[in-house]
Amino acid sequence: MTTQESEKTLNDMILKGEGMVAFEQLYADDCQMQENTDAPRVGKEACRAYEVEFFGMIQEFHGAELHYSAVDGDRSHSEWTFDMTFKDGTRMRNTQIAA
C-alpha cells in the first residue's frame, strides 16, 4: 500500500469511528505520538496504552472533520477537529495536527 493509499484508508476509518482499528492495522511497531510539549510516546505498545485510556474517557463521540491531508513521499499529515463528550460531562472540540 502506498503512503497515499495508507493516508486515505486511515482518514476514512477515523471518519467512520474506527480509529483504534486503523491504529492496529496501519501503525508501525516503532510509531511515535506526542501531545504538545509532553515527551513522545515511543513504540506501538506505549501509544496503544495511551489511546485505549483516552478513548475510554469518552462518553459520546459527536463527529470528526478532516480539514486537509497531504502526502509527500513517505510522509503524510492532516488537520482534524474532533467533537466529543467525556464521561465527566465535559464537551470538547479539539483541533489536532497528525504527521
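Student: Why is Arg41 called buried?

Tutor: Its relative accessibility is 13%. Buried means under 20% relative accessible area, exposed means over 50%, and partly exposed lies in between (1.4 Å probe, protein chains only). So Arg41 counts as buried. This is a predicted model: local features need pLDDT of at least 70, side-chain atom pairs count only at pLDDT 80 or more, and totals for chains, interfaces and linings use all residues. Residues are numbered from 1 along each chain as its sequence is written, and side-chain values use heavy atoms, with hydrogens and water left out.

Student: What makes the meeting of Arg41 and Glu35 a salt bridge?

Tutor: A salt bridge needs a side-chain nitrogen of Lys or Arg within 4 Å of a carboxyl oxygen of Asp or Glu. Arg41 and Glu35 meet at 3.1 Å, N to O. Glu35 has a relative accessible area of 29%, so Glu35 is partly exposed.

Student: How many salt bridges does the structure hold?

Tutor: It holds four. One of them joins Arg91 and Asp83, at 2.6 Å from N to O. Arg91 is at 52% relative accessibility, so Arg91 counts as exposed. Asp83 is at 10%, so Asp83 counts as buried.

Student: What are the closest N and O atoms of Lys8 and Asp12 doing in this story?

Tutor: They are 2.7 Å apart, and the two residues form a salt bridge. Lys8 and Asp12 are four residues apart in helix H1, so about one helical turn separates them. Asp12 has a relative accessible area of 31%, so Asp12 is partly exposed.

Student: How do you know that the length of H1 agrees with its 13 residues?

Tutor: Helices (H or I, at least four residues) and strands (E, at least two) are DSSP runs, numbered from the N terminus. The expected span of a helix is 1.5 Å times one less than its number of residues. For H1, residues 3–15, that gives 18 Å, and the end C-alpha atoms are 18 Å apart, so the two agree.

Student: Which residues of H1 are buried, and why are they said to be on the same side?

Tutor: Glu7, Leu10, Asn11, Met13 and Ile14 are buried. They cover an arc of only 165° around the axis, so they lie on the same side of H1. The arc is that of the directions from the helix axis to the C-beta atoms. On the other side of H1, Gln4 and Lys8 are exposed.

Student: What do the buried residues of H1 pack against?

Tutor: They pack against helix H2 (19–26), strand S3 (58–72) and strand S4 (75–86). Contact means heavy atoms within 4.5 Å. Leaving aside neighbours within four places in sequence, Met13 is in contact with residues including Ala22 and Leu26.

Student: What makes up the largest nonpolar core?

Tutor: Nine residues: Leu10, Met13, Ile14, Ala22, Ile58, Trp80, Phe82, Met84 and Phe86. S4 gives the largest share, four residues. A nonpolar core is a set of buried Ala, Val, Leu, Ile, Met, Phe, Trp, Tyr and Cys residues joined through side-chain atoms within 4.5 Å.

Student: Why are S4 and strand S5 called paired?

Tutor: Two strands pair if DSSP finds at least two bridges between them. Eight bridges join S4 to S5 (residues 91–98), and the strands run antiparallel. Phe82 has Asn94 in S5 as its bridge partner. S4 and S5 form a hairpin with four residues between them, and Gly89 in the turn has a positive phi of about 95°.
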